[in-house]
Amino acid sequence: MQSAVLPEKNTPSTEQTALLEKDDTEYGTAKARSPCILTNRAPPLGERWMAKLHNRIPVSALTIPGTHDSAAFTGAWPFIQTQKMGITEQLNAGIRYFDLRCGLRDDIVEMVHGSALLGLTLSVLLDMVYLWMMSHPTEALVVQIKQDRAAERSSMHFAHAIWSCISSGNTHWRTANTTPTLGELRGRIQLLRRFTGPTLHAYGIDVTQWQDNPSKPFTIYTWHDVQVTIQDHYRPAEAQALPALIARKGGDVVELLDHAAANVDPGHWYINFTSAYEFNLWYQLPPREIAVGGYWAFKWEEGINPRLSGYLQQHKGQRRYGIVPMDFPESGADDLITALIESNYKHVPSNASWVWWTLLVVVLILAATGGFVYAKCDWRAAACMLSGGHFNKSLEVH
């Protein structure tokens, strides 16, 4: 396994971009397993946005909204907090990648941010995730687990402690070291392993060659032919004022967004962190100021979130951006998570079309159960109300 510089860009092919449009309209049925179903329907956003994507798509070929230091929502310390939403809120909002930083204390895996304890254990956090996934079987998660704090008063190895946590809910996990398709991962979690340990050669996708704060994106090549290109430049090497730091970080993010969108290899993973901070004698800029923005020299400076939202508005349509972990993704730009999700679809019709689809389904169900005559009446009434008119009862068929 090794890491390398950013690979050359490629131009996307029609065949690869068309794959994302194939649809499973009846997930879990024989029809859902057909590889040739096409759709022009709007994507379900938020809680079940993966439901209409085809099973054959490699998870690496998707745009996946994520959070950086996903558990750092438990306190309000400026240089520790990176999220405002809790885990369930993040899931409901459409987040499907979680960056979990852990430490081992008294043989219990605790959630941490650097040396700071967050007052939450990994097992409690995973129970929240499992409970949510039981009612969302169409969704798939990617979870990176990293040891971010040295073990204290513990007799077991960190890797064994993680294995113990995961094995208690092993039906929810995919710990294979290859890239799954969306169909393989529905209702489960793909492990990205950012910790070492004995006998872990084939446990999860190995990203232990992760570089710390590199100025340029790098690529990890695993022993099992998985390639992961990562941008994680989170702290400047020299002191920078807020406008310069946001501009520099924004450039880092856009560079990898463009590269991911241009690469035709659907099996190539991209992880593009939008998070950053700065703490030195000259500047103290917490994660929220970088993400949302702040005042500088009596002028408001937009953060990464609104700038990323603007980039996505200028590049509408189907484009693979990979995993995009963010700080405070609900703040600074209300539509940021939605915009990332929508990039998985070629066409996003207006919400009004869903009303007509729903009415049509109701009519077909009633017709199939012998209620066709009344279905016609209900359809005409509903259509009339939607068009702003009034339904005349004298026109009802008896």
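Visitor: Why does Tyr321 count as buried?
Guide: The relative accessibility of Tyr321 is 0%, and buried means under 20% relative accessible area, with exposed over 50% and partly exposed in between (1.4 Å probe, protein chains only). Tyr321 is therefore buried. Tyr311, at 8%, also counts as buried.

Visitor: What do such values rest on?
Guide: This is a predicted model, in which local features need pLDDT of at least 70 and side-chain atom pairs count only at pLDDT 80 or more, while totals for chains, interfaces and linings use all residues. Residues are numbered from 1 along each chain as its sequence is written, and side-chain values use heavy atoms, with hydrogens and water left out.

Visitor: How many aromatic pairs does the structure hold?
Guide: There are eight aromatic pairs. One of them joins Phe79 and Tyr277, and it is edge-to-face.

Visitor: What makes the pair of Phe79 and Tyr277 edge-to-face?
Guide: Rings of Phe, Tyr and Trp (its six-membered ring) pair if their centres lie within 6.5 Å; planes under 30 degrees apart count as stacked, over 60 as edge-to-face and the rest as tilted. Here the centres are 6.5 Å apart and the planes 75 degrees, so the pair is edge-to-face.

Visitor: Which parts does the pair of Phe79 and Tyr277 tie together?
Guide: Phe79 is in the loop between β2 (63–67) and α2 (87–93), and Tyr277 in the loop between β12 (268–272) and β13 (278–279), so the pair ties together parts 198 residues apart in sequence. Helices (H or I, at least four residues) and strands (E, at least two) are DSSP runs, numbered from the N terminus. Phe79 is partly exposed at 32% relative accessibility, and Tyr277 is partly exposed at 28%.

Visitor: What makes Arg194 a charge over the ring of Trp210?
Guide: The rule asks for NZ of Lys or CZ of Arg within 6 Å of the ring centre and within 35 degrees of the ring normal. The charged end of Arg194 sits over the ring of Trp210, 4.0 Å from its centre. Arg288 lies over the face of Phe328, 5.0 Å from the ring centre.

Visitor: How many disulfides are there?
Guide: The count is zero. For Cys102, the nearest cysteine sulfur is that of Cys165, 8.0 Å away. A disulfide is a pair of cysteine sulfur atoms within 2.5 Å, so Cys102 is in no disulfide. Cys102 is buried, at 0% relative accessible area; Cys165 is buried too, at 15%.
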